[in-house]
There are 2 protein chains.
Amino acid sequence: MSMSAPPLQRRPATIKDVARELDISVATVSRAMSKPHLLRPATVARVREAVERLGYRPNLVAQNLKLGSTRIIYVVVPAMSLFFFDVFRGIERAALEQGYSVVAAHTGRDPVREGEYFDQVACGRADGVLLVSSARLETRPPHQHQYPPTVSVLEVDEGREFPSVRVDHVAAAAMATNHLIELGHRRIAHISGNALAPMAEHRRRGFLQAMAAAGLSTEYCVPGEFSPEAGQAAMEILLARAVRPTAVFASSDEIAVGAIRAIKAAGLSVPGDISVMGYEDQRLSRIYDPQISTVHIPTFDLGYQAMTKLRRILAREPYEHDVLLPTHIVVRATTAAPKQA
Amino acid sequence: MSMSAPPLQRRPATIKDVARELDISVATVSRAMSKPHLLRPATVARVREAVERLGYRPNLVAQNLKLGSTRIIYVVVPAMSLFFFDVFRGIERAALEQGYSVVAAHTGRDPVREGEYFDQVACGRADGVLLVSSARLETRPPHQHQYPPTVSVLEVDEGREFPSVRVDHVAAAAMATNHLIELGHRRIAHISGNALAPMAEHRRRGFLQAMAAAGLSTEYCVPGEFSPEAGQAAMEILLARAVRPTAVFASSDEIAVGAIRAIKAAGLSVPGDISVMGYEDQRLSRIYDPQISTVHIPTFDLGYQAMTKLRRILAREPYEHDVLLPTHIVVRATTAAPKQA
DNA sequence: TTGAAAGCGTTACCAC
DNA sequence: GTGGTAACGCTTTCAA
């Protein structure tokens, strides 16, 4: 095995090196870089040449320290799923337009790591955070001291009450449940998402409300996780019941995929024997065979508007605290009226 | 619409505030934070209390400037796909163990943005970069001055020759093609990935080599992109041929999904009429119905080992320049012998 | 065990 | 137009 020696890394050139090289002051070099209109064009040209020759790049860390701003935004995401990355795309677009850089900080739904990223930003690493959903309040470690400018995306953050751009998951989940009820279903199951995710809780709540309003039993409500595997396992449990449900509202499209697998594996058909409703309208729900009926969440816009709001906050412009975006149902091939009404 | 006023943000406490509060020197406060063993326990306790009370957090930017290190790694990813995020998970795990923070920087396969992230790191924003695949050489803007410590993951970066941890995509793609050949297929198609992605090019090359070695025609090799939509469109073109292929090697699982959709839509069956081979072994290939035969790429290990290597480089320890990890074929439900041999 | 002060690489104010 | 220099918030050497 051939080992390489560590590469010799010469010290990067600083503003002083450039100034010394040209026998001018560092102030002039600095101005040539950021405010060239204040200088004689000839001077700017000389500096540019020397900068090129020495390979000088301004040290961003020093710049940040002096300026007190980084123009970086941390996007804190609980998990790496395509759903969250659709939100991220919207954020990225807005950031690009507004002169910010964004980086994604992944927490794996761990409140401790979430706290660490908040700390980094509070300590000057970035100007603000976009919190894409988050951990449950009760699982969080006690009292962070002071939060950096933050906007919640996709979901309110109960307890901290950050400004938000979100959808009403309770209402949207109720809407999905009502779609099933209106088709004529009475025994409707729900497979929920991760116990720690507030979004999962809110979707479950919407299901319970809609069922209660229709006077239906909620005995088919089972816990799950945001993954096809968990969806499949939960559905298998549901199928083992003496009296099976005729429809299931899954807390996400991924869960729906798992549920459909389980139903097919049991020799039943979708939606012939059992209807399946997803949530999120991920690309997966359009691609899957059969295509999945689901609830559309305007992920891109959510991200775009959240970043825009954060910019306003940082610029100390007025903003609306809580912004709600609309959702709607997308009926595809996995929901239909029950066989025997 | 109710507008909130900008929140009044009091200046965060600095080390000086704490020192003044206790009438001690900033040096002592600094030591109490990072080298408490050098101080009288009573002093440390007093400082701790004041820090708590004032809500002081050391400014990381200032710390970084002084120390010349951030302990942050930028993970530069070309696209937000689950495939890349499996790699990211491995990186994260290693970083956690080794005391680094990682953030994901997304380029959307844009060489300009890739360059910007490199610049940020070269200017001190992070200690190094993990380049997960990258843009093609010819599409890159000319001469960046000096690269920060970088490790290529998943693929070599031709032209810049960073140390790497990767797989041999040419060999792996040839392996996949040979699987189809060994099953008895002769008219084998290939749908390739994004033209700008080196990985797509290498997989295509592997296909061409294997076909040439078997003396088979490569007339069914068509361009595509790493998405189900592109896979579907490409497959439709292939199906319109006078003589159809009996098997197709897709450059990714996502492309395979699209191809399968097109085949089914044409009233044909997989693998009865046409076999489909994927690549990457994403979770999708296990979840899809039918489950997709594919090439397994050890994404997690790739990420883990790349981060470990980068740590060695930063610590100026010796390391192996180019590390190759093995791949293998996973035969599932989409490949079989052709109908009429 | 603690304090004074230099210095990390910038920017911006105040002179000239 | 350009230069000198203080300051951003921290760590660390040197002295005491």
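Predicted model: local features only at pLDDT ≥ 70, side-chain atom pairs only at ≥ 80, totals over all residues.

User: How many cavities of 30 Å³ or more are found in the whole structure, and about how much space lies in the largest cavity?
Analyst: The search covers the whole structure and counts cavities of 30 Å³ or more, of which there are 5. For the largest cavity, the space comes to about 190 Å³.

User: Which elements give two or more residues to the lining of the largest cavity?
Analyst: The lining is made up of 14 residues, and those closest to the centre of the cavity are Leu82(A), Leu284(A), Leu82(B), Glu254(B) and Leu284(B). By class, this lining has 8 nonpolar, 2 polar and 4 charged residues. The elements that contribute two or more residues are α11 (283–287) of chain A and α11 (283–287) of chain B.

User: Which residues are closest to the centre of the second largest cavity?
Analyst: About 120 Å³ of space lies in the second largest cavity, and its lining divides into 8 nonpolar, 4 polar and 2 charged residues. Two or more lining residues come from each of α4 (60–67) and β2 (72–77) of chain A, and likewise from α4 (60–67) and β2 (72–77) of chain B. Of the 14 residues in the lining, the closest to the centre are Ile72(A), Arg125(A), Asn64(B), Ile72(B) and Arg125(B).

User: How do the residues of the surface near DNA strand D divide into nonpolar, polar and charged, and which elements give two or more of them?
Analyst: DNA strand D is surrounded by 27 residues, with Thr28(A), Arg31(A), Thr43(A), Ile15(B) and Ser30(B) the closest. By class, the residues of this surface are 12 nonpolar, 7 polar and 8 charged. Those giving two or more residues are α2 (26–34) and α4 of chain A, together with α1 (15–22), α2 (26–34) and α4 of chain B.

User: What distance separates a polar side-chain atom of Thr43(A) from a phosphate oxygen of DNA strand D?
Analyst: Among the atoms of DNA strand D within 4 Å of the protein, 64% belong to sugar or phosphate, the rest being base atoms. For the polar side-chain atom of Thr43(A), the distance to a phosphate oxygen of DNA strand D is 2.6 Å.

Note on methods:
Residues numbered from 1 in each chain as written. Chains lettered and ligands numbered in written order. Heavy atoms only, no water. 1 Å grid on protein atoms, 1.4 Å probe; cavity = no way out; pocket = protein on both sides within 12 Å on 5 of 7 lines; lining within 4 Å. Points joined across faces, edges and corners; volume = space filled by probe spheres on them. Helix = DSSP H or I, 4+ residues; strand = E, 2+ residues; numbered from the N terminus. Nonpolar A, V, L, I, M, F, W, Y, C, P; charged D, E, K, R; others polar. Near = heavy atom within 4 Å. Polar contact = N/O pair within 3.5 Å; in protein donor to acceptor, adjacent residues only side chain to side chain.
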